[in-house]
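My notes follow in the order in which I looked.

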Amino acid sequence: MSRALRLVRSLAARLRSLLIVAPTERAAWAAAALAPVAVVIAATAPGAWVAAPLLALALLALIIADGLASGRLADWDIRIADDIEVGQPATLAVAARFAGRQPRRAEAALACDPRLAADGRIALALAPDPLGDDWKAQTTLTPTRRGTALVERVWVRWEGPLGLGARQADFALDRRVRIWPDLSPVRSPDMQTFLRNAQIGLINRRIRGEGTQFEALSEYEPGMDRRRIDWKASARHTRLFARENESERNNQIVFAFDCGQAMCEPVDGLPRIDRAVSAALACAYVALKGGDRVALFGFARRPQIMTPFITDARAFHRLQSAAGGLDYEPAEANFTLALATLTAKLKRRSLVVVFSDFTDPTAAELMVESLGRLVGKHLVLFVTMADSEVEALVAAPPADIATLARSVTADSLAQQRKLVLTRLRRLGIDVLEAPWQSIGPQLIDRYLAVRSSEAIG
């Protein structure tokens with residue numbers, strides 16, 4: 001913090017803290033305790049009624065004197081990272097320094113975007129730092145949605161030595177915190193170990209014996225697949241030769257996100273779309289490391305974003321930035337318009353991974369029709385998260401009639417959901433349904449299986 005900024009804050013804090021003195025909870029209890037005294041005086045000595053207002057004035061003067069004796073706010077500071085990730089804990093620290101007499105108690109409160117804290121309010125109790133003169137407090141925030149969150153205002157309140165009067169200062173903060181998609185799966189030790197040891201790891205290696213791209217000829221040996229024998233080359237050399245192929249790279253992978261109402265519903269505290277984005281980015285990172293091309297497509301009532309294809313893992317931050325711009329829309333997604341737009345933009349066969357959800361077969365009808373048209377030109381993988389609440393209701397023991405009714409209704413919804421997923425499979429669409437915790441790993445496994453089968457090109 002620059003010296004000029006500290007000076008301005010210090011002068012503003014002095015002015016505000018001198019003007020505001022408020023009674024504390026202890027002062028309220030003291031006033032309540034004086035009420036019976038006033039009643040007794042009025043009942044036993046009506047002529048001495050003037051003592052009651054004098055007691056009230058004396059308490060008021062004591063509150064003001066106690067508040068003014070509490071010292072003044074000399075400086076304050078708030079520390080929070082400018083960039084944090086949705087669903088991941090972030091530390092918010094508040095520090096205050098008081099000149100003169102140290103307060104008996106101090107606390108701070110902040111007004112912020114509800115993305116950072118419930119109801120948009122954060123309260124902290126400050127404590128003296130044993131290693132310095134500052135009063136400090138910190139708390140852990142867990143953002144619930146992506147976007148830019150604003151910390152608008154801060155209040156600092158401190159009490160006098162008797163705990164009757166408190167002084168308060170408030171300041172406009174206007175601090176912006178960018179909330180990005182969760183990349184913890186990409187940074188996890190398991191992912192890094194996988195990328196180092198896998199054949200598509202940190203150092204690209206040629207994968208012989210698989211794929212469709214010709215690499216070399218080698219003399220046939222017992223145990224090799226007979227389908228790999230190159231009969232023309234064998235006839236020329238009068239001995240058997242086998243083809244060695246290289247796994248195809250440069251496949252096009254498109255991650256398409258339904259940003260409509262169904263995907264905005266929370267699952268274990270975070271919207272489904274944020275769970276989907278985290279899983280997709282982890283798979284996209286693996287795909288980039290494997291030499292494939294990756295793009296993101298988001299849609300709701302109309303298409304939101306369509307990124308160009310990224311070909312290098314060093315440009316992964318561009319995918320992260322684009323995913324951070326996916327908006328939440330409380331409306332049904334227009335699959336017909338979105339997938340028609342996507343089909344028009346894709347010039348070659350691609351793997352299209354669609355993240356979506358639905359509540360009933362009627363709402364899913366247009367989705368099924370649109371995906372059926374898309375699968376005619378591209379390989380489609382439909383990803384949806386298992387509804388843990390519905391599964392819990394289905395598995396609940398029938399303790400009473402209400403529980404039994406909820407269980408029957410939940411089972412009916414689950415059967416309808418299975419019917420829609422079965423229709424998608426019959427159309428030739430690969431379907432991945434799993435709890436959100438395992439969507440990322442299963443998606444990577446499914447991508448690797450599709451890649452090794454050479455079904456994209």
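**Arg-272 and helix H8**

I started with Arg-272, which lies in helix H8, and I kept in mind throughout that this is a predicted model. Is Arg-272 buried or exposed? I noted a relative accessibility of 6% for Arg-272, which therefore counts as buried, as the cut-off is under 20%. When I left aside its neighbours within four places in sequence, I found Arg-272 in contact with Ala-262, Met-263, Glu-265, Val-267, Asp-357, Met-385, Ala-386 and Asp-387.

**Nonpolar cores**

I then looked up the largest nonpolar core, which has 51 residues, and I listed Phe-255, Phe-257, Phe-316, Leu-319, Leu-351, Phe-355 and Leu-443 as those with the most contacts inside it. The largest share of this core, 13 residues, comes from helix H8, which spans residues 272-289. I also recorded a second, separate core of 34 residues, whose members include Ile-80, Ala-137, Leu-173 and Leu-270.

For Phe-257, again setting aside neighbours within four places in sequence, I listed contacts that include Ile-273, Ala-276, Val-277 and Ala-280, and also Leu-296, Phe-297, Gly-298, Phe-299, Leu-326 and Phe-355.

**Surface patch**

Last, I turned to the surface, where Leu-54, Leu-57, Leu-60, Ile-64 and Leu-68 form a nonpolar patch with about 470 Å² of accessible area together. I placed Leu-60 in helix H3, residues 51-68, and I noted it as partly exposed because its relative accessible area is 46%, which falls between the 20% and 50% cut-offs.

Conventions:
Residues are numbered from 1 along each chain as its sequence is written. This is a predicted model: local features need pLDDT of at least 70, side-chain atom pairs count only at pLDDT 80 or more; totals for chains, interfaces and linings use all residues. Side-chain values use heavy atoms; hydrogens and water are left out. A nonpolar core is a set of buried Ala, Val, Leu, Ile, Met, Phe, Trp, Tyr and Cys residues joined through side-chain atoms within 4.5 Å. Buried means under 20% relative accessible area, exposed over 50%, partly exposed in between (1.4 Å probe, protein chains only). Helices (H or I, at least four residues) and strands (E, at least two) are DSSP runs, numbered from the N terminus. Contact means heavy atoms within 4.5 Å. Patches are made of residues with over 30% relative accessible area and no salt bridge: like charges are joined within 9 Å, nonpolar side chains (Val, Leu, Ile, Met, Phe, Trp, Tyr) within 5 Å. Accessible areas come from the Shrake-Rupley method with a 1.4 Å probe; for residues, only the protein chains shown count as cover. A salt bridge is a side-chain nitrogen of Lys or Arg within 4 Å of a carboxyl oxygen of Asp or Glu.
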